[in-house]
Amino acid sequence: MASAYGEGSFPLLKERILKDGICLKGGVLKVDSFINHQIDPSLLKAMSVEFVRRFADVEIDKVLTIESSGIAPAVVVGMLLDVPVVFAKKKKPSTMDNMLVTSVYSFTKNTTYDVCVSRDFLRPGEKVLFIDDFLANGNAAKGMIDLLNQAGSTLVGMGFLIEKSFQEGGAYLRQSGVRVESLALIDSLDNCSITIR
Ligand code: 5GP
């Protein structure tokens, strides 16, 4: 039976993280060789199909992500669902007005930055699925919830490739009533050893 943590880790991704993931100091997992820099398209496709399966009971009008690492999985999910994909930008383009803006604290860079999306692409009443690569403390996710609230759109769920369950984001989102699906749940990166549920 599905728990509050969904269905546990997606075997293909779990095996790949154990094989090619690199644990850095400070609880950071490097997945540059297959997700964040070099991308493995067949894994990307399999993960996107898994998101579509997990969110099959949900009505989705649009997929939202944040640049840059969320874009690849979001686009494939959007393609499979045949819905548009919009990504929040980390720099305000000079050509863009009518903007929704929020600030996000970055876990990996230890800075706060503004992210924005045009009101033209997040509409009142739209049912939105958010997709991203990592869930850590949930700061990016909180920023996206703020943008969706400003837009009057409805958040129908959040899908993450990798959730670090030893950080607080997942518990916060689930307690707030957000439907969260994470394809890999990392229970610990202590002593540079990767423990996946
Ligand atoms: P949060 O906002 O949930 O604290 O952190 C999520 C964002 O931080 C993700 O979009 C990702 O870019 C980055 N991030 C957090 N933890 C890690 C990690 O262990 N490895 C990598 N590569 N990125 C991470």
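Arg54 is buried, at 5% relative accessibility. Buried means under 20% relative accessible area, exposed means over 50%, and partly exposed lies in between (1.4 Å probe, protein chains only). The model is predicted: local features need pLDDT of at least 70, side-chain atom pairs count only at pLDDT 80 or more, and totals for chains, interfaces and linings use all residues. Residues are numbered from 1 along each chain as its sequence is written, and side-chain values use heavy atoms, with hydrogens and water left out.

Which residue meets Arg54 in a salt bridge? The partner is Glu181, at 3.2 Å from N to O. A salt bridge is a side-chain nitrogen of Lys or Arg within 4 Å of a carboxyl oxygen of Asp or Glu. This pair links distant parts of the chain: Arg54 is in helix H3, Glu181 is in strand E9 (residues 180-188), and 127 residues separate them. Helices (H or I, at least four residues) and strands (E, at least two) are DSSP runs, numbered from the N terminus. Glu181 is buried too, at 7% relative accessibility.

## Salt bridges within helices

Arg53 pairs with Glu50 in another salt bridge, with the closest N and O atoms 3.0 Å apart. Both belong to helix H3 (residues 41-54), and 3 residues apart there means about one helical turn between them. Glu50 is buried at 9% relative accessibility. Arg53 is partly exposed at 45%.

Helix H1 (residues 11-20) holds Arg16 and Asp20, 4 residues apart, or about one helical turn. Their side chains form a salt bridge at 2.7 Å, N to O. Asp20 is partly exposed, with a relative accessible area of 24%.

## The network

Salt bridges link Glu50, Arg53, Arg54, Asp57, Arg179 and Glu181 in a network. The count of salt bridges comes to 12.

## H3 against H4

H3 also packs with helix H4 (residues 71-81), at an angle of about 55 degrees and with the axes 9 Å apart. Axes are lines fitted to C-alpha atoms, for helices over the stretch in contact, and angles run from 0 to 180 degrees between N-to-C directions. H3 and H4 are therefore oblique to each other. Angles under 35 degrees count as roughly parallel, over 145 as roughly antiparallel, 65 to 115 as roughly perpendicular, and the rest as oblique.

Contact means heavy atoms within 4.5 Å. From H3, the contact residues include Leu44, Val49 and Phe51. From H4, they include Pro73, Val76 and Leu80.
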